[in-house]
Amino acid sequence: MNILVCIKQVPDTKDVRLDPETNTMSREGVESIMNPFDRYAVEEAVRIREELGGTVTALSMGPPQAVAVLKEAISCGADDGVLVSDRAFAGADTWATSYTLSQAARSLGDFDLILCGKQAIDGDTAQVGPGLACQMEIPFVTCVQKVRSITEELILVERMMDDGFDVVQLPLPALLTVVKDINEPRVPSLKGKMKAKKAEIETLSAADIKADEKCIGLAGSPTQVVNVFTPPPRGDRTVFSGTPEEQVSQLVKQLKNYL
Amino acid sequence: MDYFLSEEQQMIVETARDISNEKIIPRRAELDEKNEFPTSILEDMSKADLFGIFVPEEYGGFGGGCFEIVLALEELSRGCVGVATSFAASALGIFPVLIAGSDEMKEKYLPDIATGKKWAAFGLTESNAGSDASGVQTTAVLDGDEWVLNGTKQWITNGGESQIYSIVAITDPTKGARGASLFVVEDGDPGFSYGKKEDKMGIRSSATRELIMKDCRIPKDRLIGRKGTGFITVMKTLDVSRPGIASLGIGLGQAALDEAVVYAKQRVQFGKPIISFQAVQHMLADMAILVEASRAIVYAAARHIDSNPKNMSKASSMCKVFATDAAMKVTTDAVQVLGGYGYMKEYPVEKMMRDAKILQIYEGTNQIQRNVIGQELNKEYA
């Protein structure tokens, strides 16, 4: 089983600031960490490899300093790390990022499974995982809270929902994005840290991954950030119980309160 | 202060710190309340390779010494001295094999210790043999190709949880201190069982049990070193292990200091944070001095021991006394700084104060340590 884990270096959420002019995140002077959800993806990949054998490759798109999170992934058990880094990628939105990662994944070989964190804590879009699956033309499930079983051909997972979970089976290769409930990540081991220290992180440019320049960076990004704001909280929800007739009557009663 | 750690030593510190922050601190209050052994945390430490730090490289470890153990234990005890004690006791339990065991014995036990697959424990203390180790009454008699052990060990840390036990037994009652030998007893050996688990004041997540040997038969080759060298190996073991206990005092003292300073900055009385009052500042300053001085003496002693000097007893005892007495004072003062809140279980400092007390008692009381220091001085000035 060859597994690719996509990880991102993000500013530590404890001190995130927005630039009031541009509505983008100010990264200056803020400590960088591995996106917390991605740690769970790395852990799950390592666990699957421990069970089935194979390899775990960590992939990140970012500036040269993102090598640090790839080394961290190796210290947590990944076999190797690859960075896609090029000035031409600057300004990429989630679609251009998905395209770039898909080109990098293709250039690295065939993967049976691609794992991503549910979302990155800086952009919070949760779009790159699904976007990557679309670019790769493979099936995906988001918000996976448990891998129930996995074989060379099939994977059976639980997708976290607001009120329970779905059980989804899909053929491999496939992509999953994972939530924190999926496991408890291990602490980087001493042997892992020593391996990470020595590890050479391969860096791929836009040319190396044969990226179409119209599809990367700002040029390949249909998204423009117009405004960044905190959305209002969702209203209270009520779940009715009883027979369908009782539930409808309760619903009607509630609705009448608003008339 | 910068103690100029090597890159490898820095990695050990970071790994132990991650275990402390991510695995120990979130669970310490619950483990303390339930008197629960931290099995899953020790497994996390195994996965992080921490059990390998003091095992030679040829047996799958990192080949570190006393100083590396000290660095790991300091960070672990910042989280919980009970959990750190379980780790330290495993090191203590396997030291006799490291110090005096044959190559075959090392080959048999050390690889599993290095990976954390097996844990160890040290069985010296008995109901009539505490500070006076010569009071050991457990006996071992050779019967054909087997040793037959009889006796009961008391207050054995990791008892019932470990798979490998170093046991002190008398092989020749006529020879006094030279009549004691050390043996490896394994979990599951015939005639070997566990007695009651103690209900303790502090370090409640660590397991403290009786070990009962009733016609316990073990193969002849489980003798550690030569017959009659048991006490010599015990003394060497304790010389190397005491800085580990001392380091629990550093981590615990640091944790209590951290809690006290953070609280003193937040707590407002008479319209000001209490850290602005000199009475509180001076207490915090004295605590900080004791913690840093403890760190300095323990690191120095550990490095001295790792240089394999002819005599290490005095350094070992001095650092144990200083850092553990300091921890008792610092944790008590932390409770004082937090006042009524400090006395409540919602805040971690009351547990820290309870945990500190054992450090002055186990692995040789601080009074026995002063005896050792006094005797060494007497020899030095002869």
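Predicted model: local features only at pLDDT ≥ 70, side-chain atom pairs only at ≥ 80, totals over all residues.
Chain B contains 11 helices and 10 strands. Its radius of gyration is 21 Å, close to the 21 Å that the globule rule gives for 382 residues, so chain B is as compact as a globular protein of that length. Taken along the principal axes, the C-alpha atoms of this chain fill a box of roughly 80 × 50 × 40 Å. Of the 382 residues in chain B, 53% are buried. The contacts of the chain may also be viewed along the sequence: among those between residues at least 6 apart, 74% join residues at least 24 apart.

The interior comes next. In soluble globular proteins, nonpolar side chains tend to be buried together. In this model the largest nonpolar core has 121 residues, and the members that touch the most other members are Leu149(B), Phe183(B), Val298(B) and Ala334(B). H7(B) provides the largest share of this core, with 15 residues. Another core, of 62 residues, lies apart from it and includes Ile48(A), Met61(A), Val141(A) and Ala174(A).

Leaving aside residues up to four places away in sequence, Val298(B) touches Val70(B), Pro243(B), Ala246(B), Ser247(B), Ile250(B), Cys319(B) and Ala323(B). Helix H8 itself spans residues 278-306 of chain B and has 29 residues. From its first C-alpha to its last it reaches 42 Å, close to the 42 Å expected at 1.5 Å a residue. An α-helix has 3.6 residues a turn, so residues three or four places apart point the same way.

Asn308(B) is not a glycine, yet its phi is positive, at about 60°. This residue counts as exposed, because it has 8 C-beta neighbours inside 10 Å and the limit for an exposed residue is 12 or fewer.

Where do the two chains meet? In chain B, 12 residues are in contact with 7 residues of chain A. On the side of chain B that touches chain A, the elements that give two or more residues are helix H1 (7-24) and helix H3 (39-47) of chain B. H1(B) gives the most to this side, with 7 residues. By type, the residues of this side of chain B divide into 5 nonpolar, 1 polar and 6 charged.

Chain A holds two further backbone features. Ala126(A) lies in the loop between strand E8 (113-117) and helix H4 (128-136) of chain A. Its phi is near 60°, a positive value in a residue other than glycine. With 18 C-beta neighbours inside 10 Å, Ala126(A) counts as partly exposed. Further along, the peptide bond from Leu172(A) to Pro173(A) is cis, with omega near 0°. Pro173(A) sits in the loop between strand E11 (164-171) and strand E12 (174-178) of chain A.

Conventions
Residues numbered from 1 in each chain as written. Chains lettered and ligands numbered in written order. Helix = DSSP H or I, 4+ residues; strand = E, 2+ residues; numbered from the N terminus. Expected span 1.5 Å × (residues − 1). Contact = placed C-beta atoms within 7 Å. Nonpolar A, V, L, I, M, F, W, Y, C, P; charged D, E, K, R; others polar. Rg over C-alpha atoms; globule rule 2.2 N^0.38 Å. Buried ≥ 20, exposed ≤ 12 C-beta atoms within 10 Å, placed from the backbone. Core = buried A, V, L, I, M, F, W, Y, C linked by C-beta atoms within 7 Å.
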